Amino acid sequence: MPQPRRTPRSPIRWHIAVFLAPAVLIYTAIMIIPLFGTLNLSLFTRGEGGAREFVGLANFATLFGDPRWSGAFWNATWNNLWFFIIHMLVQNPIGIALAAILSTPRLRFAAFYRTAIFIPAILSFVIVGFVWKLILSPLWGVAPNFMDALGIGNWFAPWLGLERSALTTLALISVWQFVGIPLMLIYAALLSIPDEVLEAAEMDGITGASQFWKIKLPLILPTIGIISILTFVGNFNAFDLIYVTQGALAGPNYATDILGSFLFRTFFGFQLQLGDPHMGATVATVMFFIILAGVSLYLFGIQTRLRRYQF
Amino acid sequence: MSARASMFRSSAAHAILIAYTVLALYPVVLIVINSMKSRRAIFNDPLALPTRETFDLVGFHTVLEQGNFLLYFQNSMIVTVASLFFALLFGAMAAFALAEYRFRGNLLMGLYLALGIMIPIRLGTVAILELMVAANLVNTHWALILVYTANGLPLAVFILSEFMRQVSDDLKNAARIDGLSEYRIFFTIALPLVRPAMATVAVFTMIPIWNDLWFPLILAPGEATKTLTLGSQIFLGQYVTNWNAVLAALTLAILPVVVLYLIFSRQLIRGITKGAVK
Amino acid sequence: MTIRRNLILTTALALCATGAVAQDVTLTIESWRNDDITIWRNQIIPAFEAAHDGIKLDFQPMAPAQYNSALNSKLDAGTAGDIITCRAFDASLQLFERGQLADLTELDGMANYSDVARSAWSTDDGSQTFCVPVASVIHGFIYNVDIFNELGLDVPATEDEFFAVLDAIEADGSYIPMAMGINDQWEAATMGFANIGVNYWRGEEGRAALIAGESRLTDEDWVAPFRQLARWSGYLGRGFESQSYPDSQNLFTLGRAAIYPAGSWEIAGFREQADFEMGAFPPPVPAGTDGCYISDHTDMGIGLNAASPNQDAGRIFLEWLSSDEFANLFANAVPGFFPLSSAEVTLEDPLAQDFLGWREQCESTIRPFHQIVSRGTPNLSNESWTASANVMRGTWTPEEAGEALQSGLSSWYAPHQ
């Protein structure tokens with residue numbers, strides 16, 4: 001916890017209000033009020049003649065009790081969890097490894113690598129979805145030809161169209177897109193480790209890989225914590241990539257449906273399915289609590305245990 | 001450590017980095033080279049570079065005829081830069097208040113400001129639009145700037161407050177003894193020290209703003225305020241088969257942001273290295 | 001709330017006032033047809049403006065995927081354009097019931113449309129109409145005439161002939177017999193199920209029976225088309241499971257595939273992209289049936305935003321839309337979108353003529369799940385996308401598909417309970 005930093009001299013410290021005011025005002029007016037207005041819809045339903053009727057928690061009972069709703073909801077939740085696990089197991093370790101290699105002192109072309117590897121993260125989902133569909137397309141031959149050249153052409157399959165592989169493929173595409181973000185954050189954290197710490201370690205004979213594991217990794221743990229929670233929040237809010245590559249019905253057979261795509265399909269509707277703001281808001285509220293639980297776990301369970309270093 | 005071992009390690013490092021760089025850039029290169037080829041060549045040999053026979057800029061002609069892309073680009077720039085500026089400034093101020101002072105409700109305020117990263121802002125669309133109509137801001141840059149600023153704030157506060165706590169107390173207390181006001185401490189001591197974090201927040205915030213399609217469509221679809229992403233999306237309809245135009249539109253959407261990033265990336269890294277107090 | 005309403009009102013009044021001073025009214029048109037942007041800007045708008053002083057048109061299309069949600073948000077907040085392009089059936093009916101689309105029953109031009117054409121944009125009892133019917137699309141198959149000639153194939157009329165043709169192309173091995181994928185799922189349901197199914201459920205007869213609860217989706221009428229789709233899988237390209245809709249279009253227009261299960265809306269795009277002769281045939285009939293049916297689906301209407309300050313100008317424009325002039329202009333500018341008005345239309349495109357000609361030989365019907373039976377959750381029409389794709393992928397049997405759709409419908413639709 002922060003140390004007591006300052007004994008108050010005057011009873012009202014106006015500067016605190018000045019520092020907080022612009023952010024709080026804009027954020028409250030444009031995000032919180034509209035969003036909670038929307039979440040509030042989950043307690044209502046559209047009655048006869050279009051009037052809004054208060055129904056308490058009935059929509060939640062439908063979401064968890066009706067086999068069709070709960071089936072779709074749990075399918076999306078488990079898919080989302082798998083999507084997150086892939087990111088944690090693939091994206092973040094790759095990001096950390098690349099950052100560790102990049103931060104090697106006197107590495108040539110480091111600036112070039114760093115710049116290049118981050119580029120996918122600045123592309124829009126439309127571009128990422130389009131180009132990967134093109135690459136993985138069985139017709140235009142980029143991936144199949146490449147795999148033929150490596151002698152593993154038989155392993156090629158229409159991954160995005162098969163129930164067992166579509167979600168993992170999409171998760172890996174998303175990893176490809178976003179790996180630059182953990183990379184940059186970790187890289188910045190590694191660079192900010194004071195030289196004295198590393199010199200002291202070298203004096204003790206701790207170098208190379210063991211220096212990374214014993215000295216650097218513990219020092220960048222808070223950054224890894226932030227990255228994990230950002231990945232969690234990002235994954236549980238994701239939907240664009242699914243929409244762009246698989247459409248709103250998250251095919252094949254809902255195998256790529258995650259909470260975000262389920263929410264948007266419910267809230268805004270799709271084709272002949274009309275938008276249902278009330279059930280949509282119900283899904284959004286549940287998602288909100290899932291993410292809140294994750295963030296709280298991080299804030300109260302993990303972050304406070306990570307030692308904080310002041311440089 | 002022997003020279004040979006060091007040589008080996010450095011070649012291994014380069015091999016890994018080169019392999020990953022190819023993986024990262026290859027799809028982008030694929031779009032750009034194919035945007036300059038004739039339609040038949042795109043499908044017959046998507047991997048080939050354009051040759052004299054297959055070179056064709058028809059896609060770019062189609063796209064550029066459809067709208068004022070220079071104006072769209074300018075709109076995107078204005079919106080992105082202004083939103084970034086406000087999100088970073090206000091976010092840093094709030095983060096400083098939360099990290100620096102103990103006051104009643106500090107923790108609650110921190111949680112309150114973090115709520116926004118847990119719900120997609122698109123769900124508030126109708127209420128936001130009504131608000132903008134009431135304020136007469138529809139089809140202005142301000143509508144978008146306000147939304148993106150609000151949307152960027154939670155993340156900025158979340159990350160920056162973490163870094164603000166790492167700023168040395170000794171420096172600040174020394175400044176207080178010298179009689180500097182809290183505002184000057186913020187601007188002259190805290191802000192420069194968290195520049196690496198600011199740079200990362202900037203990158204994080206910038207990408208979704210630049211690529212957003214939804215709010216430009218809802219809040220500022222007029223010709224004068226259309227953003228680049230919105231302007232190029234008319235080529236990505238359901239029935240679009242014109243891949244020349246699609247690839248050209250994608251290239252036009254990629255290139256500016258890549259160039260911006262290349263310029264910005266040097267600042268970003270300089271910010272990171274300078275900010276790291278050694 | 002009141003303050004906000006007042007402000008909106010004031011803004012609207014201010015907008016009216018400026019409009020009145022400038023004399024010229026500009027009508028903004030909301031549409032999902034971004035493919036038609038050049039046609040509107042170069043042909044339709046100049047034709048209208050030339051004849052109507054003081055009214056300008058501004059065509060503002062967006063991508064189809066965002067259209068419904070973006071339009072609804074704009075209508076709710078009062079920033080939508082004056083003229084609204086209407087999706088068929090419930091999506092527009094809902095807007096009308098909320099008072100967001102103006103009642104156009106009294107429009108003089110409505111006399112130019114049949115009850116069937118109007119039904120897609122009328123209340124269930126048919127008493128009120130809220131959009132001018134603009135276009136329908138017809139399903140069938142487009143084929144590559146050059147390939148058929150090269151392989152000496154005849155156009156199939158029956159289902160047995162159809163599969164014989166596919167077998168022959170397959171045996172030759174130079175071309176993919178049929179270009180269709182299931183990655184986007186809707187092709188399987190629309191170009192597959194709705195296209196060929198009409199001959200099994202006998203068009204309107206089967207559709208009406210389903211609505212009335214007299215026919216069930218587990219009946220042979222509805223399962224048989226799935227059985228056909230399951231057979232199609234063997235004739236599609238390698239990896240059709242992840243082949244997307246544009247992939248299929250390009251496969252056909254580049255001359256690599258012989259047959260394309262189509263909707264008539266493809267004609268305009270295919271004309272631009274393909275450099276071989278194209279022909280078309282209606283869905284082949286199953287053995288032992290007399291007569292034939294086609295899916296001739298009311299697809300697009302155009303209506304008036306009830307909150308638009310330019311009601312009079314809007315109605316002038318809509319009257320023009322129902323004129324013979326517009327019908328001819330539109331039908332020839334966008335071949336494959338067939339006018340719904342009773343106007344005498346001369347089509348210049350031979351392929352479009354072929355499609356339209358089927359109206360003479362076969363009975364027309366709309367897509368089976370568009371009216372009434374897709375009003376609940378789960379949505380029958382969307383479920384049929386998933387089901388058709390699953391059948392083609394081989395993960396569901398045709399019977400399982402029928403049962404899944406029926407149990408979804410039974411869960412909310414009274415006539416089926």
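How many residues of chain A are in contact with residues of chain B, and how many of chain B take part?

## Where chain A meets chain B

In this predicted model, 67 residues of chain A are in contact with 73 residues of chain B. Several helices of chain A each supply at least two residues of the side that touches chain B, namely H1 (14-40), H3 (67-102), H4 (110-118), H5 (125-136), H8 (180-191), H10 (208-237) and H13. Of the side of chain A that touches chain B, H1(A) gives the most, with 16 residues. When the residues on this side of chain A are sorted by class, 51 are nonpolar, 10 are polar and 6 are charged.

On the side of H4(A), the contact is made by Tyr113(A), Ala116(A) and Ile117(A), while H1(B) brings Leu17(B), Tyr20(B), Thr21(B), Ala24(B) and Leu25(B). By class, the contact of H4(A) with H1(B) has 7 nonpolar residues and 1 polar residue, with no charged residues.

## A helix pair inside chain A

Helices can also pack against each other within one chain, as helix H12 (residues 259-268) and helix H13 (residues 277-303) of chain A do, at an angle of about 160° and with their axes 7 Å apart. How are H12(A) and H13(A) oriented to each other, roughly parallel or roughly antiparallel? Angles over 145 degrees count as roughly antiparallel, and H12(A) and H13(A) are therefore roughly antiparallel to each other.

H12(A) passes H13(A) in a left-handed crossing. From H12(A), the contact takes in Leu259(A), Phe262(A), Leu263(A), Thr266(A) and Phe267(A), and from H13(A) it takes in Pro277(A), Met279(A), Gly280(A), Val283(A), Ala284(A) and Met287(A). By class, the contact of H12(A) with H13(A) has 9 nonpolar and 2 polar residues, and no charged ones.

## Where chain C meets chain A

The contact of chain C with chain A takes 34 residues from chain C and 27 residues from chain A. On chain C, helices H3 (64-77), H4 (90-97), H11 (245-253) and H16 (380-393) each supply at least two residues of the side that touches chain A, and H16(C) gives the most to that side, with 7 residues. Sorted by class, the side of chain C that touches chain A has 6 nonpolar, 20 polar and 8 charged residues.

## Chain C as a whole

The secondary structure of chain C comes to 17 helices and 10 strands, and the C-alpha trace of chain C spans about 70 × 50 × 35 Å along its principal axes. For 417 residues, a compact globule would have a radius of gyration near 22 Å, and the 23 Å of chain C agrees with this. Buried residues make up 54% of the 417 residues in chain C. Among the contacts in chain C with a separation of 6 or more, 78% are between residues 24 or more positions apart.

Is Phe163(C) buried or partly exposed? A residue is buried if 20 or more other C-beta atoms lie within 10 Å of its own, and Phe163(C), with 19 C-beta neighbours inside 10 Å, therefore counts as partly exposed. The C-alpha atoms of Phe163(C) and Leu409(C) are separated by 32 Å, and the two residues are 246 residues apart along the chain.

Conventions:
Residues numbered from 1 in each chain as written. Chains lettered and ligands numbered in written order. Predicted model: local features only at pLDDT ≥ 70, side-chain atom pairs only at ≥ 80, totals over all residues. Axes fitted to C-alpha atoms, helices over the stretch in contact; angles between N-to-C directions. Helix = DSSP H or I, 4+ residues; strand = E, 2+ residues; numbered from the N terminus. Parallel < 35°, antiparallel > 145°, perpendicular 65-115°, else oblique. Left-handed = near helix turned anticlockwise from the far one by under 90°. Contact = placed C-beta atoms within 7 Å. Nonpolar A, V, L, I, M, F, W, Y, C, P; charged D, E, K, R; others polar. Rg over C-alpha atoms; globule rule 2.2 N^0.38 Å. Buried ≥ 20, exposed ≤ 12 C-beta atoms within 10 Å, placed from the backbone.
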